[in-house]
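Open the structure in a viewer and keep the selection panel at hand. The stops below say what to select next and what is there.

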Amino acid sequence: MLTPASRATKPDPADLLTWYDRHRRDLPWRAKPGEPVDPYRVWLSEIMLQQTTVAAVQPFYRRFLERFPTVSALAEAPVEAVMQAWAGLGYYSRARNLHACAKAIVEKHGGHFPATEAELLTLKGIGAYTAAAVAAIAFDQPAAAVDGNVERVLSRLFMIEEPLPKAKPLIRELTQDLVPVERPGDFAQALMDLGATICTPKRPACALCPWMKPCRARAEGLQETFPRKIRKESGQLRRGAAFVVLRADDSILLRTRPPQGLLGGMAEAPTSAWEPDYEPSRAVLDAPIEARWQRLPGVVRHVFTHFPLELTVLLAKVSRSTPAPDDMRWTSRRELHEEALPGVMKKVIAHALGDLPTPPTKPAPTRRKRSAAEGETS
DNA sequence: GAATCGTGGTC
DNA sequence: TGACCAAGATT
């Protein structure tokens, strides 16, 4: 039994909604008060925002929506165009699933998103969080959308000692209990805005928090120590070689990676295998064609979620008549920006050729000078 | 349940 | 500067 002195105040959803009405963020995918909600935009933004910051998503979201304004426009587009529009945003299976989901919406749901969590869950790329978020935000269903922000807010509010991810079921229950019957969509967004702007991972602005009083972690001064987590070690460094072939007609050799797995379906300069004990001095043995290979000084460093990578870059210049090996193709430098090049491959090409001609309007820069001291691109 | 899956920003 | 983090899903 709790004594009156030890009983904490229960957080009131109304206090959070009042705070939200004053401090809500103005985001491009967020309907303004009174405006109709477009489920397509809500869904698109939620997929893009998975493990991705608001700042990183914004330019991609705007470009993507311009190119694919409706779910049917997206469904009718070739998957290659979708991958290209996603290039640089990361987690590329999201793009493939997004396209598959759009087709399912058109073909199985008459072009309309289902309004319930259960139905949304059956669609590709939509898991527990996204189903709840779309149901709440687009259809005003009382669903508990629990993302990283909500986990942090709730773990502090209730001072949950159980570390993540084991605490997820409990957090979900506690969140569901807080979801109000009225304005559940705003409540979901308010909770995330609170986590993003007030209840931040470091130095939370508790003094500005509408839930400061009921927050148990705050009462103990331990707010920064929540949520509890078990941190996992970073993966082992892998090395490899990347081969940039520049043909006399100013095109370079590319291939498309297999649809599944790391960087699935994305374009790349041919590379060796990536392994911890790769020996760069033997890289020429892995080259895609016979040529006079020049090993460039420095390496391209890149960090994936589960391992860091170091690529040695080899450059070769070949004649205009050189054919592309099977499963490879030539792409002119001028049209390189139309390829679905992931970030690491942009680094590789920039390392070999100088800056990428991503903005088509910029004049092609001359080959970048490189000294032994200055050779590392990170 | 543990691994896999990108990238950019922050401190 | 390296660890951590960001509106997670899939296998």
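The tour goes through a DNA strand, a cavity and a pocket in turn. Keep in mind throughout that this is a predicted model.

**Stop 1: DNA strand C**

Select DNA strand C and show the protein residues around it. There are 24 of them, and those that come nearest are Gly125, Asp147, Asn149, Arg152 and Arg231. By class, the residues of this surface are nine nonpolar, eight polar and seven charged.

- Select Asp147: an N or O atom in its side chain is 2.5 Å from a sugar or linking oxygen of DNA strand C.
- Select Gly148: a backbone N or O atom here lies 3.2 Å from a phosphate oxygen of DNA strand C.

**Stop 2: the largest cavity**

Stay with α9, which also gives the most to the lining of the largest cavity, with three residues. A search of the whole structure finds one cavity of 30 Å³ or more. The largest cavity has a volume of about 120 Å³. To find the place, select Arg156, Cys199, Cys206, Cys209 and Cys215, the closest to its centre among the 14 residues that line the cavity. The lining divides into 12 nonpolar residues, one polar and one charged.

**Stop 3: the second largest pocket**

Next, select Gly90, Tyr91, Phe304, Thr305 and His306. Of the 30 residues lining the second largest pocket, these lie nearest its centre. The elements that give two or more residues to this lining are α6 (93–108), β5 (300–303) and α13 (343–353). The largest share, three residues, comes from α6. About 880 Å³ of space lies in the pocket.

By class, its lining has 13 nonpolar, 13 polar and four charged residues.

How values were computed
Residues are numbered from 1 along each chain as its sequence is written. Chains are lettered from A and ligands numbered from 1 in the order in which they are written. This is a predicted model: local features need pLDDT of at least 70, side-chain atom pairs count only at pLDDT 80 or more; totals for chains, interfaces and linings use all residues. Side-chain values use heavy atoms; hydrogens and water are left out. On a 1 Å grid over the protein atoms alone, a cavity is a set of points where a 1.4 Å probe fits but cannot get out, and a pocket is an open set with protein on both sides within 12 Å along at least five of seven lines; lining residues have an atom within 4 Å of a point. Grid points are joined across faces, edges and corners, and a volume is the space filled by probe spheres set on the points. Helices (H or I, at least four residues) and strands (E, at least two) are DSSP runs, numbered from the N terminus. Ala, Val, Leu, Ile, Met, Phe, Trp, Tyr, Cys and Pro count as nonpolar, Asp, Glu, Lys and Arg as charged, and the others, Gly among them, as polar. A residue is near a molecule or strand if one of its heavy atoms lies within 4 Å of it. A polar contact is a pair of N or O atoms within 3.5 Å; within protein, one must be able to donate a hydrogen and the other to accept it, and residues adjacent in sequence count only if both atoms are side-chain atoms.
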